[in-house]
Amino acid sequence: TSDTVNVVLLSGHDGAVKHVAFSPNGELLCSTGCDGTVRIWNIALRAEVARFGCLPRSTDPRSSLRGAASFSPDSSQIALPGTKDLVIAAVEGDKKQELTGGHSEPISLAAWSPDG
């Protein structure tokens with residue numbers, strides 16, 4: 001067995017990163033940050049492939065900033081918790097759907113059912 005650990009630095013957020021999530025297919029990584037952005041990274045390319053600005057900004061990395069995004073089971077979409085709405089976005093392309101209403105406070109996290 002090998003004890004080698006590969007470390008990859010993905011630069012892009014302007015401030016602290018609050019949450020990360022891997023896609024179910026293992027090809028993508030989602031990061032949310034204090035800069036108010038959600039970024040999708042292609043792990044093999046070590047490159048940002050999409051960016052969404054739907055989170056509240058925060059200057060305090062210890063804040064209770066919401067924003068735990070999650071990938072759909074087939075890795076084609078991501079659920080992005082927003083200020084008081086939820087955005088479902090295609091990982092590739094510009095297709096987005098905002099689900100609004102019913103929330104009086106910012107959404108903390110989003111999750112998918114196993115069957116999508």
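## Contacts and overall make-up

Take the contacts in this protein (heavy atoms within 4.5 Å) between residues at least 6 apart in sequence: 39% of them join residues at least 24 apart. This is a predicted model, where local features need pLDDT of at least 70, side-chain atom pairs count only at pLDDT 80 or more, and totals for chains, interfaces and linings use all residues. Residues are numbered from 1 along each chain as its sequence is written, and side-chain values use heavy atoms, with hydrogens and water left out.

The protein has 0 helices and 8 strands. Walk along the sequence and you get β-β-β-β-β-β-β-β. Of the 116 residues, 39% are buried, where buried means under 20% relative accessible area (1.4 Å probe, protein chains only).

## The four-stranded sheet

Four strands make an open sheet in the order E1-E2-E3-E4, with antiparallel pairing; two strands pair if DSSP finds at least two bridges between them. Strand E1 (17–22) and strand E4 (47–52) sit at the edges with a single partner strand each, so one side of each has no neighbour in the sheet. On average, neighbouring strands here are turned by 20 degrees against each other, direction ignored. That angle uses axes, which are lines fitted to C-alpha atoms, and angles between N-to-C directions run from 0 to 180 degrees.

Now for the pairings. E1 and E2 run antiparallel and are joined by 5 bridges; here Ala21 has Cys30 in E2 as its bridge partner. The two strands form a hairpin with 5 residues between them, and Gly26 in the turn has a positive phi of about 75 degrees. Strand E2 (residues 28–33) also runs antiparallel to strand E3 (residues 38–42), again with 5 bridges, and Leu29 is partnered with Trp41 in E3.

## A closer look at Ser70

Ser70 belongs to strand E5 (residues 70–71). Is Ser70 buried or exposed? Ser70 is buried, with a relative accessible area of 13%. Leaving aside neighbours within four places in sequence, Ser70 touches Gln77, Ile78, Ala79, Ala110, Ala111 and Trp112.

Key:
Buried means under 20% relative accessible area, exposed over 50%, partly exposed in between (1.4 Å probe, protein chains only).
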